[in-house]
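Let's take a walk through this protein together, one region at a time. Keep the sequence and the 3D view open side by side as you read.

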Amino acid sequence: QCAAELDGEAYFRISHQNSPTSPIHPKLEEIVSEIGDATDGKLRLEIFPSAQLGGPVQALEQAAFDENVIFYMSSGNLATAGVPDYSILNGPFLTPSLEAAQALASSDVVVEMAEELASKGGIRVLALNWFDSPRSILGDAAYPNPQDLEGVQMRVPEAPAYMRTFEVLKTSPMAVPFSELYLALQQGVVSAAEGGIQGMDDANLMEVADTVTVTDHFRLFYGFAMSENLFADLPDACQSLLVTQFEQKGDDYSAGMNEITAQAIEELTAEGITFVQADQEAYREATEEFYTLFPEWSEGLYERVRGAME
């Protein structure tokens, strides 16, 4: 249907920051192939990995100027384009499970943000359901309850959502560069760090800290977006094809990342690493103050977001 409605060839560049060996890249190759097949090559996509076209901020600017780029970004990037409500999706202990996150991504409240972004920022979100593995806490002890973190010297990325979260949890957050984290944990400069289990394992951090508290404190919303004007210029069938493909592959990618994490936990447990489940509800209550720190959010946003997952 899309091919029949297109006058000539439509060409878009898919931009992402990850390497071609990352789990995201094969999913994009599937999109390129399947859309090409479905349209007899009339809707043509080409992938540019490893930030060849710049990072998400540059790509967002390019799309806002109607360049033919479909770019990988987080909800935090979208918040800078005129819809601050998007930054709530970066909040701590917001989504208790992947299923809850997926329900929120397709909910009315997030669809409304997308429509506001299209009209205010000139950006059309194709999908916002590409979820990486959630983040947990690695340390020399377990922190199953939020009060266990009080006063802990903890390495936290130097980003506002992270810093505010761990300040609310009464840790002593330290912005140690990731490249120096192994040494910082080994020498006791910090007692704990947060991150994705797979990423922390890849950096060999479990050699110097052996206890993981599975908090799932951030499950970041990632996805793909493009110029609203260029999207609107496409026939309806082509718009629908793009959205369906990016959403379906987002679900596949997220399920795959969940499996990668489960497998990593199994292998690391066999190697002697201790995994402790956090009391997520207690942590969620302990970090509710975070959601009062953003006067730029629309009225009742937190309650609506929570309701969308129930």
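**A strand in the middle of things**

S3 and strand S10 (residues 221–227) pair in the antiparallel sense, with four bridges between them. Helices and strands here are DSSP runs, numbered from the N terminus: helices are H or I with at least four residues, strands are E with at least two. Two strands are said to pair if DSSP finds at least two bridges between them. Along this pairing, Met-73 stands opposite Gly-223 in S10.

Before going on, a word on the source: this is a predicted model, in which local features need pLDDT of at least 70 and side-chain atom pairs count only at pLDDT 80 or more, while totals for chains, interfaces and linings use all residues. Residues are numbered from 1 along each chain as its sequence is written, and side-chain values use heavy atoms, with hydrogens and water left out.

S3 also pairs with strand S1 (residues 10–15): the two run parallel and are joined by three bridges. Here Ser-15 has Phe-71 of S3 as its bridge partner. Is S3 itself buried or exposed? Six of the six residues of S3 (residues 69–74) are buried, so the strand is largely enclosed by the rest of the structure. Buried means under 20% relative accessible area, exposed means over 50%, and partly exposed is in between (1.4 Å probe, protein chains only). Val-69, Phe-71 and Met-73 point one way from S3, Ile-70, Tyr-72 and Ser-74 point the other way, and all are buried.

**Into the cores**

In soluble globular proteins, nonpolar side chains tend to be buried together. A nonpolar core, as used here, is a set of buried Ala, Val, Leu, Ile, Met, Phe, Trp, Tyr and Cys residues joined through side-chain atoms within 4.5 Å. The largest one has 45 residues, of which Leu-43, Ile-70, Trp-130, Phe-224, Leu-242 and Phe-246 touch the most other members. Among the elements that give two or more residues to this core are S1, S3, S10, helix H2 (24–38) and strand S4 (123–131). Which element gives the largest share? That is H11, with seven residues.

Leaving aside neighbours within four places in sequence, Leu-242 is in contact (heavy atoms within 4.5 Å) with Ile-35, Leu-43, Leu-45, Ile-70, Leu-126, Met-226 and Leu-234. A second, separate core of 41 residues includes Tyr-86, Leu-117, Ile-123 and Trp-297.

**One disulfide**

A disulfide is counted when two cysteine sulfur atoms lie within 2.5 Å, and that rule gives one disulfide. The pair is Cys-2 and Cys-238, with an S to S distance of 2.0 Å. Cys-2 lies in helix H1 (residues 2–5) and Cys-238 in helix H11, so the pair ties together parts that are 236 residues apart in sequence. The link of Cys-2 and Cys-238 is right-handed, with 100° about the S-S bond. Cys-2 and Cys-238 are buried.

Now turn to an open sheet of six strands with mixed pairing, in the order S7-S6-S8-S5-S9-S11. Strand S7 (172–174) and strand S11 (274–277) stand at the edges with a single partner strand each, so one side of each is left without a neighbour in the sheet. Strand S9 (residues 211–214) runs parallel to S11, joined by four bridges, and Val-212 stands opposite Phe-275 in S11.

Helix H7 belongs in this picture too. Its buried residues pack against strand S5 (135–139), strand S6 (153–155), S7, strand S8 (192–196) and helix H12 (280–286). Among those buried residues are Tyr-162, Met-163 and Phe-166. Just after H7, Lys-170 takes a positive phi of about 65°.

**From S11 to H12**

We finish at the loop between S11 and H12, where Asp-279 lies. Asp-279 is partly exposed, with a relative accessible area of 36%. Its side chain reaches the backbone nitrogen of Ala-282 at 3.1 Å. Not counting residues up to four places away in sequence, Asp-279 touches Pro-144 and Asn-145. Gln-280, by contrast, lies in helix H12 and is buried, with a relative accessible area of 19%. Leaving aside neighbours within four places in sequence, Gln-280 is in contact with Phe-93, Pro-96, Thr-215 and Asp-216.

Definitions and conventions:
A polar contact is a pair of N or O atoms within 3.5 Å; within protein, one must be able to donate a hydrogen and the other to accept it, and residues adjacent in sequence count only if both atoms are side-chain atoms.
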